[in-house]
Amino acid sequence: MPELPEVETTRRSLEPGLVGRRVVGVTVRDRRLRWPIVPEFEARLTGATIATVGRRAKYLLVGTDHGIAMIHLGMSGSLLHVPADTPVVKHDHVDAVLDDGSILRFHDPRRFGSIHWIEGDPADHPLLAALAPEPSETEFDGAYLHRITRGRAVAIKHVLMNGQLVTGVGNIYASEALHLAGINPKIPARRLSMGRCERLVDAVKRTLARAIAAGGSSLRDYVDGAGNRGHFQTESAVYGRDGEACLRCGGTIRLVRQGQRSTYYCPGCQK
DNA sequence: AGCTCACCCTGCGAGC
DNA sequence: TGCTCGCAGGGTGAGC
């Protein structure tokens, strides 16, 4: 499940094959996603020509001359561009058939993903309007992180995973970035100095960039738009490595629960 | 406002 | 073999 690197990898893999294609037919097999797919979705998308394949946080934005399909992959979703007549398997919920016969197919076993149809500025959509700046933007810097953490008693890891404060960072990359920055995931956000905020922002940017370069992480079922797996999971410093030795200090990596999520960190070098 | 928790859903591996 | 349990990459909304 996709964090920003997986969504961005999907976007990049889909873009060349989709831009310029016209949608000639849409089939929805199951509307029951995180939010139900609106009844008019098929009619709006049919006949539209795809102009852009964008991304905002973990949302994919397929822009057309009729409107924008805003797609979230949730925990288990994938968006695949497959050849004509590719057999439909369980959990293939939506197909958009394109004018060359190929199919843009949404697959999501857990149905935590979503598909919205937007007409107008996507930035005004309620789900996007309150999102924090992209990690790659210059606005996301140490001063920003320092400012938004003042007065917050929650653990710094929770801040990284809160989309209103930081976008694109999920459970894997929060652990990874905190390890790279040498910061204990459990410390209250407000206790971070400006210097540590700068280090953490730098670590987030570098972690996400490295993961994108690796094609994302494929822990179980993530694949990009062409069906390829990522390999960042083989480079992870702490995620999924509890009980193993820290590559930096030799300490033992620990697994703890924060909220309902697993956090991996090294008590030896994350203070 | 900030924070914690329950919950949405399916599949898989571990343990009995 | 079959069961039950816990866990999985996300995010919202209720209730304090």
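Helix and strand S6 numbering first: S6 (92-98) is a strand, and S6 gives the most to the lining of the largest cavity, with three residues. Helices (H or I, at least four residues) and strands (E, at least two) are DSSP runs, numbered from the N terminus. A cavity is a set of points, on a 1 Å grid over the protein atoms alone, where a 1.4 Å probe fits but cannot get out, and lining residues have an atom within 4 Å of a point. This is a predicted model, in which local features need pLDDT of at least 70, side-chain atom pairs count only at pLDDT 80 or more, and totals for chains, interfaces and linings use all residues. Residues are numbered from 1 along each chain as its sequence is written, chains are lettered from A and ligands numbered from 1 in the order in which they are written, and side-chain values use heavy atoms, with hydrogens and water left out.

The structure holds one cavity of 30 Å³ or more. The largest cavity has a volume of about 120 Å³; a volume is the space filled by probe spheres set on the points, which are joined across faces, edges and corners. Its lining has 13 residues, and the closest to the centre are Phe41, Leu45, Ile71, Ala96 and Leu104. Helix H2 (41-45), strand S4 (68-72) and strand S7 (103-107) are also among the elements that give two or more residues. By class, the lining has 12 nonpolar, no polar and one charged residues. Here Ala, Val, Leu, Ile, Met, Phe, Trp, Tyr, Cys and Pro count as nonpolar, Asp, Glu, Lys and Arg as charged, and the others, Gly among them, as polar.

Now step back to the whole chain. Chain A is divided into domain 1 (4-129) and domain 2 (142-265), with bounds from an automatic or database domain assignment. Their centres, taken over C-alpha atoms, are 28 Å apart. In domain 1, 18 residues are in contact (heavy atoms within 4.5 Å) with 19 residues of domain 2.

The largest pocket lies between the two domains, because both give residues to its lining. A pocket is an open set of points with protein on both sides within 12 Å along at least five of seven lines. The volume of the largest pocket is about 1,100 Å³. Among its 39 lining residues, Pro2, Lys58, Gly74, Met75 and Arg261 are the closest to the centre. Helix H6 (171-181) and strand S10 (261-265) each give two or more residues.

Residues around DNA strand B (a heavy atom within 4 Å) include Lys90, His91, Phe112 and Gln260. Arg110 has a polar side-chain atom 2.9 Å from a base oxygen of DNA strand B. Arg152 has a side-chain N or O atom 3.3 Å from a phosphate oxygen of DNA strand B.

Definitions and conventions:
Polar contact = N/O pair within 3.5 Å; in protein donor to acceptor, adjacent residues only side chain to side chain.
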